[in-house]
Amino acid sequence: MTRRNVVVAGGAAVAAVGAGGGIAVNAFAGETSKGGDAAGSSTSSGASETCYKLTSETTEGPYYIDADKIRKDITEDREGIPMTLRIKVIDSETCKPIRNAAVDIWHCDALGLYSGYEDLSSGGGGGGTPPSGTPSDVPSGTPTGAPPGGGGGGHEEPTDDKRYLRGTWKTDKSGFVTFKTVFPGWYRGRCVHIHTKVHVNGEWTDAGYEGGNTCHTGQFFFDEESVLASAEVEPYSTSTTERTTLTEDTIYDQSGTTGGLLKLKYQKKNIAKGVVGSITVGVDPEATHEGTDDAVQPGASASASAS
């Protein structure tokens, strides 16, 4: 079996009542249990571990800026639905959490703009009406050109000094890292997504994170129900940009959690109150995946995978 196919069969997600009366939940979608029984009893000693397939690699896109904001709250002044993103990083072969990894995330704002690249990225604000149901005017099949401001498949140098919705933070001893941000918007040619990189084997210093290797470059995705709900809320509802659905996207590989699909929690009738997203990312710590030349999905052109 290849590392991509390694997954340990076992129990499903479980909930256990702890000594303090609280509920401990294995809430991450797609997980299987290692070392547990069919009931999936959870213990603080970590005897029941969670194992995942190796998470899909994707393109870095043109708008990455290397780890210059070491922070957990990346919101700055951006308007939008508050979002907490909780990521767990594990070795996909041993199932053990990876501590002190440097995790980057970056994404566009509610109207499709990327900080550092406002002149290149394609915002869509202004007076539109929110989508209702599946869009009827979206691309069908593989796009034939680069999305507006996509810059092809290569990296673009920043055009401004803004850095909202970007940040890097380290995983704790259990492999978790949590970011505060806003629900991303959309722009032509791509579904709603968040970019990520995981760096390991480096060193945390007063200046940030140095050395090591980038073992994963990926993207996190949002189900259609959540995106349609967000489109009813300002400022998302003012976007006039056509929207690509999850099933039409050329980067998402349609494999669910393995492909980066987030598990989302929010009030179904009031998403504006906030969203919690969670996912476990299975990586090969010895691999190098920069995401600059090896992540175009089958059927997708290099230009379509730009961002």
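## A first look at sheets, rings and charges

In this structure, Lys162 and Glu118 meet through their side chains in a salt bridge, with 3.2 Å from N to O. Both residues lie in the loop between strand 6 and strand 7, so their contact ties together parts that are 44 residues apart in sequence. Please keep in mind that this is a predicted model.

**Salt bridges**

- The count of salt bridges comes to seven.
- Lys162, from the opening example, is partly exposed, with a relative accessible area of 38%.
- Another of the salt bridges joins Arg190 to Asp249, whose closest N and O atoms are 2.7 Å apart.
- This pair links distant parts of the chain, 59 residues apart: Arg190 sits in the loop between strand 8 and strand 9, and Asp249 in the loop between helix 1 (224-230) and strand 13 (263-265).
- Are these two partners buried or exposed? Arg190 is buried, with a relative accessible area of 0%, and Asp249 also counts as buried, at 5%.
- Arg78 and Asp77 form a salt bridge too, and their closest N and O atoms are 3.2 Å apart.
- Asp77 is exposed, with a relative accessible area of 55%.
- Asp77 and Arg78 also belong to a network of salt bridges, together with Asp109.

**Charges over rings**

- Lys170 lies over the face of Trp204, and the distance to the ring centre is 5.7 Å.

**Aromatic pairs**

- Eight aromatic pairs are counted in the model.
- One of them is formed by Tyr63 and Tyr114, a tilted pair with 4.8 Å from centre to centre and 50° between the planes.
- Tyr63 lies in the loop between strand 4 (49-51) and strand 5 (82-91), while Tyr114 lies in the loop between strand 6 (102-106) and strand 7, so this pair links distant parts of the chain, 51 residues apart.
- Both Tyr63 and Tyr114 are buried.
- How do the rings of Tyr114 and Tyr187 meet? Their centres are 5.8 Å apart and their planes stand at 70°, so the pair is edge-to-face.
- Tyr187 lies in the loop between strand 8 (176-182) and strand 9, and Tyr114 in the loop between strand 6 and strand 7, so this pair ties together parts that are 73 residues apart in sequence.
- Tyr187 is buried, as is Tyr114.
- Ring pairs join Tyr63, Tyr114 and Tyr187, along with Tyr117, into a cluster.

- Four strands make up an open sheet with antiparallel pairing, in the order 7-6-9-12.
- Which strands stand at the edges? They are strand 7 (166-170) and strand 12 (213-221), each with a single partner strand, so one side of each is left without a neighbour in the sheet.
- On average, neighbouring strands of this sheet are turned by 20° against each other, direction ignored.
- Strand 9 (residues 193-200) and strand 12 run antiparallel and are joined by eight bridges.
- Within this sheet, Thr196 stands opposite Gly218 in strand 12.

- How many bridges join strand 5 to strand 8? There are seven, and these two strands run antiparallel.
- Leu85 stands opposite Phe179 in strand 8.

Definitions and conventions:
Residues are numbered from 1 along each chain as its sequence is written. This is a predicted model: local features need pLDDT of at least 70, side-chain atom pairs count only at pLDDT 80 or more; totals for chains, interfaces and linings use all residues. Side-chain values use heavy atoms; hydrogens and water are left out. Two strands pair if DSSP finds at least two bridges between them. Axes are lines fitted to C-alpha atoms, for helices over the stretch in contact, and angles run from 0 to 180 degrees between N-to-C directions. Rings of Phe, Tyr and Trp (its six-membered ring) pair if their centres lie within 6.5 Å; planes under 30 degrees apart count as stacked, over 60 as edge-to-face and the rest as tilted. Buried means under 20% relative accessible area, exposed over 50%, partly exposed in between (1.4 Å probe, protein chains only). A charge sits over a ring if NZ of Lys or CZ of Arg is within 6 Å of the ring centre and within 35 degrees of the ring normal. A salt bridge is a side-chain nitrogen of Lys or Arg within 4 Å of a carboxyl oxygen of Asp or Glu.
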